[in-house]
Amino acid sequence: MSPDAREEILPGTLDMLILKTLAARHELHGFGIAEAIETGSGDVLRVEEGSLYPALQRLLIKGWLRGEWGKTAENRRARYYRLTAAGRKQLEAEVASYRRVSLAIERILSPA
Amino acid sequence: MHRPNVLEMMRRVRYLVFRGRYSADLEEEMRLHIALREAKLVERGAAPVDAHDTALRRFGNRTNLRARSRDIWGLNWLDDAFADIRFAFRRLRARPGFALATILVAALGIGATTAVFSAIDAALIRPLPFAHPHELVTLRLISVPLEPAAAPSLSAETQHYLYLTDVAKMHDLFSGVGEYASGGLNMENGPRPLRVNVGVVTAHLFALLGVSPERGREFTDEEGKPHGPRAVILSDAFWRGPLGGDDVLGTSIRLNGNAYTVVGIMPPSFNFPNESQLWIPLPVPMTIATFAPFRGYVPSVAFARLAPGVSIDEANGQLLSRWRQVLHQNTGPTAKYDERTLRELAAGHAVRPLQRSLVGDARRAFVILSGAAILLLLIACANVASMLLSDAAARRPEIALRAALGASQSRMVRQVLAESVMLASAGAALGRAVAPAVLGVLRAMMPEHLAGIAPAQLDLRALAFAAALALGTGLAFGSWPAAIAARANAAEMIKSGGRGATSSLGSARRILMTAELALTVMLLVGSGLMIRSLARVLDQRMGMNPEHVGTLELSMPDAPRGIEMAKVHAMLSRLAAEPDIASAGVVNDLPLRGQGGISIAVTASDAVKTPGDSTPFARYLVANGGYFETMGIRLLRGRLFTSADDSLAPPVAVISETLARTLWPNADPVGKTFVVGGFQPPRTVIGVVADVREQTLDGSVLPEMYFSLDGSGAPNLALVARSTMPPKALLARLRDAVRAADPSQPVYNVRTMDDVIAADVVPRRTNTTLIAMFGAIALALAAFGVYAVVSYGVTRRAREFGIRAAVGATGRDIAALVGREIAWILALGLTLGLAAAWTLSRVLSALLYEVSGHDVATFALAPAVLLLSALVATLGPARRAMRVDPSDVMRAE
């Protein structure tokens, strides 16, 4: 699959995907999160990579993530993000709400 | 959903404070991301150059991303606000005239209103600094009884009267009563004897007010009894000042020759009543010694604390009925005075709130002044609004163009708002600076009894109110035209060069201008009436010539009569011996000195008594012959006192014209006799002198009688001397004369007679000056407003005038066109203003003196002055209109 054929992420789901990604891993930097979402979706979903950063700022402000500066394996300075307790709760709420919505859409789309 | 909480707010604040660091962090993250992506692409076999491009493309628009992040931090509005403010500042700096004018106008309105309301707050609104001040009332005509030994002749008739001792028993009405008076005493103080302000108070007065001494104690019951131990309580300022703040409790100070033990010191800033420096007890009943700090009578004020649940009306009604009961029991010869007493009580109030009695007559002046200040503030606001509207009209093409270029409407309105806010804030700041100056002038108007306990301070609430009004005006009249302009069709606007004026703006400006003119006329009429009253007062025949007269006052309460007279004669002969002093004299009470004197009932010996006649009262004065000469009081008949009119000679009197007319309307009074107070031996009239205004310049003329100094003596005296030498030198001579006679004798109120008179008219002068000042500012604002409106009209119609000139209109025709624009506004504004002033002048009439509230001259002059100013304001723009060159206009097309 060429990169251009990948699906854009639905608006509003990026926050949830970031939270979910970080829930599975201990901590990741921005690039790591982007990579994880892409590979995690079986290379189906593509993040417009830059838009990850405003989203991360929003999650930081809300207190769902915590960011700490550390070093990468190549010894470069990077900010590593980590889920907070509040973030975990938020993820549950968002996943539940997403499930409800997608189930509803599924019902409409699938033949009776 | 997630609700913003405290932690989130704190994080946002942190972003706000450390915005630089957070921006750098974000930048570094984004760089790292792109570098990692690039490396990964290269690893997968892409060419390094392509990899870099691809990485950038995949990342997206970084500027946009940065902005989105900052938006999330909540910083964009802040940046916008800063940008708006910078923009507004640049625009204002480009038009310094407009900015300065607006700020100045707003500052004047804000400053004047703030000062006036601050003074009013101190005088009328702010509660007195006493416990439960709303319960405190004054009781009219209630006094402390005299002990029988002090007034044997009065004891029979004084039974039928209400005294403080009677009121003290009315427990159902009052939970406590007290009495105070304000006087002066001489204090021995080494080589520099002092005259001190003394509060003479009943024993538990401070407890009644709810204020207790900071050190020591209040007066005891024992000290409050007649002939009780002599005790004194000091004010904090007097203790720290003249007494040096030493440990003085238990020591004694000498007042009028007697030792008083210091028993207490009051808390700082307490100096009630009348800026007292120390307090001594007012014994109940009073003794002869009680009179020492006063001039012949005790000017005491009775007051009480209402019992819980008793209203002022209730107390007033009950006390009045008690008065009736007591007075109607009197069937003796003094019963005729009782009706007078009752009438006086019923006319005023037997019980009044303490604060209200302290403020007294000044109340109305304050209310009227506040009205004037509000008028001025409204005029200022109308002016600011009108200026903003003109400015907005001038900016319409610019705003329309920017709207066409994509500036958002809200953003443009916000920019105009930023400008308005800046103008209003600058106006408020400047107004804050102006206010204290006005307040300083106003302090002179504060009633004496309030001075000290309720000092007028700049009231920040008043400032906030005035500033808010100015800001509101700025916001309303700044943003509204901007909104209209932003919505307007840009293409039309640019095509027409902005000439197509929005009619709603034009009519709004005309309405504002009309209102401004009407308000200005009202203020001008008010100022005119006040100025004419002041002129009448100053023109008042005083009955004397105060120029070149120096005065000082002294009190010799304890000297035996002989020694006292010897000292006075020593002072007088020393002054008389000086060649450059024309004359010198002595009187017990200076005219216009601002304190009530004593009036006593008088009866002509040959009067035919008819029941129902009211007994005349005459003011009691003691003087020597030199007094009349020094003060320039004309002798109309008979002779003045000589040193032969001493206490051994038969009693004589010099009477005033009015008293002569009252007692003997159809006969020469010289040689006739009259009886004073009903029990003294008859006095022979030796001379008649001109009436002198004793009380105040704007009061009525009272009948006056003078007794001979050598015959009657007087413990409180004013020394007067006339000389053409500089006032300072004359006053020094007066001091020297007293010091030579007795170095231990303190003197006070050393001043020229002109100063005495000036002090008398200070409240009226202050009032008039302020209202006139407001009127003058209003006039300037109105003229400026007229100028702005006409000038704008000329600019707008320049093309029309040019065309008219081209087709043959003369300068006069064009000037008429310009004039017509403002004529209707002027006519309507003046008519409305005069009508309002005619109706409202009734309110002012209480402050007027011998001038009708509908004074025709004032009502004619005020609009004339305004018309003239408007005419002058129109001249400039009209001349500009006449000079419009048709060819210029054509070329501009």
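Author: Just after H3(A), Gly63(A) takes a positive phi of about 85°. Keep in mind that this is a predicted model, where local features need pLDDT of at least 70, side-chain atom pairs count only at pLDDT 80 or more, and totals for chains, interfaces and linings use all residues. Residues are numbered from 1 along each chain as its sequence is written, while chains are lettered from A and ligands numbered from 1 in the order in which they are written.

H3(A) spans residues 52–62 and is mostly covered, with 9 of its 11 residues buried (20 or more other C-beta atoms within 10 Å of a residue's own, C-beta atoms being placed from the backbone; exposed is 12 or fewer, partly exposed in between). Helices here are DSSP runs of H or I with at least four residues, strands are E runs of at least two, and both are numbered from the N terminus. Among the buried residues of H3(A) are Leu52(A), Tyr53(A), Gln57(A) and Lys62(A).

Chain A also touches chain B, in a contact that takes 18 residues from chain A and 23 from chain B (C-beta atoms, placed from the backbone, within 7 Å). On the chain B side, H1, H2, H3 and H4 each supply at least two residues, and H2(B) gives the most, with 9. By class, that side has 9 nonpolar, 4 polar and 10 charged residues.

Chain B itself comes to 27 helices and 21 strands, and 41% of its 893 residues are buried. Of its contacts between residues at least 6 apart in sequence, 83% join residues at least 24 apart.

For a helix pair, look at H25(B) (811–844) and H26(B) (856–882): their axes come within 10 Å and cross at roughly 155°. The two are therefore roughly antiparallel to each other (the word covers angles over 145 degrees; under 35 is roughly parallel, 65 to 115 roughly perpendicular, the rest oblique). Residues making this contact include Leu826(B) and Leu830(B) of H25(B) and Phe859(B) and Leu866(B) of H26(B). By class, the contact has 16 nonpolar, 3 polar and no charged residues.

Asp313(B) sits in H10(B), residues 312–328. With 10 C-beta neighbours inside 10 Å, Asp313(B) counts as exposed. The C-alpha atom of Asp313(B) is 7.9 Å from that of Val351(B), 38 residues apart along the chain.

How values were computed
Axes are lines fitted to C-alpha atoms, for helices over the stretch in contact, and angles run from 0 to 180 degrees between N-to-C directions. Two residues are in contact if their C-beta atoms, placed from the backbone, lie within 7 Å. Ala, Val, Leu, Ile, Met, Phe, Trp, Tyr, Cys and Pro count as nonpolar, Asp, Glu, Lys and Arg as charged, and the others, Gly among them, as polar.
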